[in-house]
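Subject: Structure for you to look at

Hello,

Here is the structure I said I would pass on. Please open it and keep it beside this email while you read.

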Amino acid sequence: MKKMEIPLSENLGHGHLACAGCGAAVSMRLTLKALGEKTVMVFPASCWSIIPGFWPYSSFRIPVVHAGFVTGGATASGVRAALDIRGDHEAVVAVWAGDGGTFDIGIQALSGAAERNEDFIYICNDNEGYMNTGTQRSSATPMYAWTTTTPVMKPKENPKKDIMAIMADHQIPYAATATIAYPEDFLRKMEKAKRIRGTRFIHLLSPCPPGWRMPSELTIKISRLAVRSRVFPLYEIENGISYTLQEESHVVPVKDYLKVQGRFSHLTDSEIEVIQKNVERTWERLIKRAGS
Ligand SMILES: Cc1ncc(C[n+]2csc(CCOP(=O)(O)OP(=O)(O)O)c2C)c(N)n1
């Protein structure tokens, strides 16, 4: 992938309250570098209701709006309208919502806003569960993963919801997946999203050491394995139809990704085989959609 300079500006300061090794903290730092200081960020209830800290000790150097759990898309629509009425068409409005706040509880407000092609960037920080309240299952939780509501003796039976396909079918101008293991690709996508008007959707995979029962120093490695195993392919979709894949040439078995995470440590070989087959099927579907 193409190399680029990472901006030196910092809009996430010291003293934030993220856990050690939180993938989202690194994602947020990169996101704020790309979006710049003229950004208003909307936080529906999530870990990010807590992480920035409270005024006057907030670690954020940009304005944030804390919003109800279900309201990410609606609140951002309102913030955009208010800025436009004030004549400020330059400030970026971004939503930063968890997978619970996006795939599940916030999907109605998000779908409504996307259908209206509201002018904001919606970032789904996907840690594959309701992590701020102690790791409950969401519709982004992978099949067979341990969570407190899908214990080992009663695993989640359903595969993860395909949020990118759902957003693409709203025919929004831009949707992309990204992870911190590929920072140049991450920044390029955020900067591209910033240049486009209308609803833009960024799907970030953010490893969560306590929720995924993984060592905090493996965050970047696990993010990379997610891409290499094709559990989380990197790609972009423009106007719902034009796909661009950032293919990883170094492909690894899904087992390599699963075995470093305690939330999958109970899996049998045959369950791992089912997950491998599912990943291959989802990959084939993506390739077909991309027309390549
Ligand atoms: C209507 C409503 N229900 C429940 C809660 C409690 N709550 C706060 S954060 C949260 C979990 C959010 O999960 P997710 O959106 O995946 O973000 P994460 O915590 O993983 O960052 C829940 C259930 C709430 N604030 N509002």
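Below are notes on helix packing, some backbone angles, one phenylalanine and the cysteines.

This is a predicted model, in which local features need pLDDT of at least 70 and side-chain atom pairs count only at pLDDT 80 or more, while totals for chains, interfaces and linings use all residues. Residues are numbered from 1 along each chain as its sequence is written, and side-chain values use heavy atoms, with hydrogens and water left out.

Helix packing

Helices (H or I, at least four residues) and strands (E, at least two) are DSSP runs, numbered from the N terminus. Axes are lines fitted to C-alpha atoms, for helices over the stretch in contact, and angles run from 0 to 180 degrees between N-to-C directions.

Helix H2 (residues 72-85) packs against helix H4 (residues 107-115) at an angle of about 45°, and their axes are 6 Å apart. That makes H2 oblique to H4 (under 35 degrees counts as roughly parallel, over 145 as roughly antiparallel, 65 to 115 as roughly perpendicular, and the rest as oblique). In this contact (heavy atoms within 4.5 Å), H2 supplies Gly73, Ala74 and Ser77, and H4 supplies Ala109, Leu110 and Ala113. By class, these residues are four nonpolar, two polar and no charged. Here Ala, Val, Leu, Ile, Met, Phe, Trp, Tyr, Cys and Pro count as nonpolar, Asp, Glu, Lys and Arg as charged, and the others, Gly among them, as polar.

Helix H1 (residues 23-35) and helix H6 (residues 183-195) have axes that come within 9 Å and cross at roughly 45°, so H1 and H6 are oblique to each other. Their contact joins Ser27, Leu30, Thr31, Lys33, Ala34 and Leu35 of H1 to Pro183, Phe186, Leu187, Met190, Glu191 and Lys194 of H6. It has seven nonpolar, two polar and three charged residues.

Backbone angles

Most residues other than glycine have a negative phi, and most peptide bonds are trans. Which residues have a positive phi without being glycine? One is Thr135, with phi near 75°, in the loop between strand S4 (121-126) and helix H5 (163-168). Thr135 counts as buried because its relative accessibility is 8% (buried means under 20% relative accessible area, exposed over 50%, partly exposed in between, with a 1.4 Å probe and protein chains only). Another is Asn239, with phi of about 55°, in the loop between strand S7 (235-238) and strand S8 (242-245). At 45% relative accessibility, Asn239 is partly exposed.

The peptide bond from Trp55 to Pro56 is cis, with omega near 5°. Pro56 sits in the loop between strand S1 (39-44) and strand S2 (64-67).

Phe232

Is Phe232 buried or exposed? Phe232 is buried, with a relative accessible area of 5%. Its place is the loop between helix H8 (219-228) and S7. Leaving aside neighbours within four places in sequence, Phe232 is in contact with Thr177, Ala178, Thr179, His203, Leu204, Leu205, Ala226 and Val227.

Cysteines

A disulfide is a covalent bond between the sulfur atoms of two cysteines. If a disulfide is taken as a pair of cysteine sulfur atoms within 2.5 Å, the count is zero. For Cys19, the nearest cysteine sulfur is that of Cys208, 6.3 Å away. Cys19 is partly exposed, at 47% relative accessibility. For Cys124, the nearest cysteine sulfur is that of Cys47, 12 Å away. Cys124 is buried, at 0% relative accessibility.

Regards
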